[in-house]
Structures are given as structure tokens and as C-alpha cells.
Amino acid sequence: MTSYFRPNVDTMAGYVPGEQPKPGTNIIKLNTNENPYPPSPEAIAVLQNLEGELLRRYPDPYANEFRQAISEVLDVPTDWIVVGNGSDDVLNVIIRACAEAGRKVVYPMPTYVLYRTLTEIQPAQTIEIPYGADYELPIVELAAANGAVTFIASPNSPSGHVVPIDDLRQLAAKLTGVLVVDEAYVDFANETALPLVKEFENVMISRTLSKGYSLAGLRLGFGIANPKLLSGLFKVKDSYNVDAIACAVGAAAMRDQAYKNACAEKVKASRSKLAIDLKQLGFELRDSQTNFLLVQPPTHKNSAEQIYLALKQRGILVRYFKQAGLEDKLRITVGTEAQNQMLLEALLHLV
Ligand SMILES: *Cc1c(COP(=O)(O)O)cnc(C)c1O
């Protein structure tokens, strides 16, 4: 049989996103780490007042209005920022710019599965190095693997832990390739690795508006790095990778830090409460600096997979990964207080 596709496309699995039920269906959706609260009213106001003229023209290739807002909020120069159609786009662009057959893309496991998918498309070689038993970063092994790109999600998914900045600093100093610190969940964390971009030319921080800013549907993310590192990315990215709506709405959301922080505080308070309630039901879990918990249910009644399926039948979606080391766990997004209560009531019958 001949194939239309390149051999690596034929053999790769393809990324499987979490289930996305139709809007309006009566489902408690705790499977893809969306924020349970609505986007900033300031951002919605911008959306509702958009002029058609904005859409007639091509958008700004550099999304400068949004870059300006990021620059003010994070105190980084605009030319240290690259904007993407979601942070997935930024991750994709860095792989396309740096990796190819014969080069390696390296990351600790378990982590965000998209790193593997994007690398296999390129194609480049993936090197997956297990985390330590207590999620210690395997610095020596990661450095020895000598990746063209090394990805560290911090806070990490699905574990929820933060990698200490000193570990990232040690790793960055040892690498000759690029270190990407994926801070998709930073808005729910107590620390950031952002200072590293000033210390190391080979470090990029990526962030998203999908989680902390409740704008997963908008598709907007960005990378921060030395302009020397960004220069290659600007050659590779689609010229118009960020649409005019996302740029305008995103700028308003970014400027409304007070709203974003207030929502994050609610999520963090609910996260602590949910963790205590789940422990009381016999679940084992670690501290999380994200908007989800990775939990191990007690096994005397149902397996993690059985619980996932039973919850789904009751209209509650959580994430189950059929993956080495995760088969006995569930990743549960922190919802509103009411959603978390309904989850707990359902679990009462299942564990
Ligand atoms: C959700 C997530 C992203 C992707 O975010 P988008 O900006 O929506 O593309 C990136 N990295 C990690 C670890 C995530 O969990």
C-alpha cells in the first residue's frame, strides 16, 4: 500500500485532545483545565464593540497591541515577545525553527503530550527522561541528552508541581540548545522562571491566556526570550498567526490583571478545599500549583478508569491517561465550588 503521507506522519499517533462536549450540554467539564469563571468583563466589552473594519484588513503580524499590554504588565520590552495562536503555536514554531531529523527534542516524563506530537511531525527524535520519584528534575540526564530543544512544563501537567528556578538555571547553563519553560499554569503558582530570560539567551518562557485568563477559545499565547532567540521564530511563524480579534480582546484581558488575579485566588482556595475533601474520601494526592489535581483513588471498589467512566456517565468529565505511571490516577480540573461539590457527591458512591 502506498501512502499519501510522509513516513513519520504514517507512524505517529496524533494528539488526542480532551473531550469537548457541545456548548450548552449539561456537563460538568473538569477534563481540560479551563478556568471555571468567565473572561474579564473588559475583554468581553472590547469583543462586543469590535468594528467590521478591523476584520477587513489583515491583522498586525506582530500583534503589537497585545505585545504592548504584555510589556506593561510583565515589564519586558516588546521585542522580547512573540505571540502565537495559543501557546501551542509558539511551541510548534520553536520546534519547526530548531529541530529536524538527526536533532533531538528532550523533556522529562510525565508531561504535556503535545511535545511528542509536534516533534514527531517535524520529524525529530524525542528523548523522554523520567522524573525522579518525588518529581526531582533529572538535570544531568536532560543536559546529557543534548536537545536542540528541551521542554520543561512548570508548573507541570499532569503532576501539578513547580520545578524550582535554581534547577532550571542549572539546566539552562548546561544546555547548548534552547530551553523552553512552559508556564501555561503560572497564574495559579507561587513562582515563575521569567527572570531566566534575562540571564540566558537560550531560554524562552511560554505562556497562555487559555487557563488563567479564561480565554481557551480565543487561542492566544506568547513566548518571552532574548530577541536573538526570537529572530529565528519570526522567520518561521505564519505571518498572520494571530487574528485581529484575539489581539484586541487579549490586550484588554492582559491589562485586567485585577480580575485575572481574583479568579486565580478563587481557584486556589477551591483547590485547597477540594484536596482536603478528596483526601477524606481516601484519595492520595500531592500539592498542586495549577488549576487541577492529579489524584490516586482508593482501589478497593473501583479502578481509576472505572471511576472516570462512571463519572462520565453521570455527566462529569475528568481526565484519564492510559499511560505508564498514570493508569491509577485521574487529573481533575478545579471547578466552581458548586461543581466541586457535585463531583464529591458522585465520588462518594464510587470509592
Ligand atoms: C493548556 C496547555 C498549553 C496550551 O495552551 P494553549 O495556549 O491553549 O495552546 C500548553 N502547555 C501546557 C502544559 C498546557 O497544559
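## Ligand site

A nitrogen atom of the ligand sits 2.6 Å from an N or O atom in the side chain of Asp182. This distance, like everything below, comes from a predicted model. Two further side chains come up to oxygen atoms of the ligand: for Ser210, an N or O atom of the side chain is 2.6 Å from a ligand oxygen, and for Lys211 the corresponding distance is 3.0 Å. Taken alone, the ligand exposes 390 Å², and the protein buries 93% of that area.

The residues around the ligand are Gly86, Ser87, Asp88, Tyr112, Asp182, Ala184, Tyr185, Thr208, Ser210, Lys211 and Arg219. Asp182 belongs to strand β6, which covers residues 178-182, and Thr208 belongs to strand β7, which covers residues 203-208.

## Seven-stranded sheet

β6 and β7 are part of an open sheet of seven strands in the order β2-β8-β7-β6-β5-β3-β4, with mixed pairing. Its edge strands are β2 and β4 (125-130), each of which pairs on one side only. On average, neighbouring strands of this sheet are turned by 20° against each other, direction ignored.

Within the sheet, β6 pairs with strand β5 (residues 149-153) in the parallel sense, over five bridges.

## Strand β8 and its two partners

In the strand order, β8 stands between β2 and β7. The pairing with β2 (residues 81-84) is antiparallel and runs over four bridges; here Ile81 has Ile224 of β8 as its bridge partner. The pairing with β7 is also antiparallel, over four bridges, and here Arg207 has Phe222 of β8 as its bridge partner.

Which residues of β8 point one way, and which the other? Gly221 and Gly223 point one way, while Phe222 and Ile224 point the other way. In a regular strand the side chains alternate between the two faces of the sheet. All four of these β8 residues are buried.

## Three-stranded sheet

A second open sheet is formed by three strands in the order β9-β10-β12, with antiparallel pairing. Why is one side of β9 (284-285) and of β12 (330-333) left without a neighbour in the sheet? Both strands stand at the edges and each has a single partner strand, so one side of each has no neighbour there. β9 pairs with β10 (residues 292-296) in the antiparallel sense over two bridges, and Leu285 stands opposite Val295 in β10.

Helix α12 (residues 257-280) packs on this sheet and is in contact with β9, β10 and β12. The direction of α12 makes about 10° with that of β10.

## Lys268 in helix α12

Helix α12 includes Lys268. Is this lysine, Lys268, buried or exposed? The relative accessible area of Lys268 is 16%, and the cut-off for buried is under 20%, so Lys268 counts as buried. Leaving aside residues up to four places away in sequence, Lys268 touches Phe188, Ala189 and Asn190.

Technical notes
Residues are numbered from 1 along each chain as its sequence is written. This is a predicted model: local features need pLDDT of at least 70, side-chain atom pairs count only at pLDDT 80 or more; totals for chains, interfaces and linings use all residues. Side-chain values use heavy atoms; hydrogens and water are left out. Two strands pair if DSSP finds at least two bridges between them. Contact means heavy atoms within 4.5 Å. Axes are lines fitted to C-alpha atoms, for helices over the stretch in contact, and angles run from 0 to 180 degrees between N-to-C directions. A residue is near a molecule or strand if one of its heavy atoms lies within 4 Å of it. A polar contact is a pair of N or O atoms within 3.5 Å; within protein, one must be able to donate a hydrogen and the other to accept it, and residues adjacent in sequence count only if both atoms are side-chain atoms. Accessible areas come from the Shrake-Rupley method with a 1.4 Å probe; for residues, only the protein chains shown count as cover. Buried means under 20% relative accessible area, exposed over 50%, partly exposed in between (1.4 Å probe, protein chains only).
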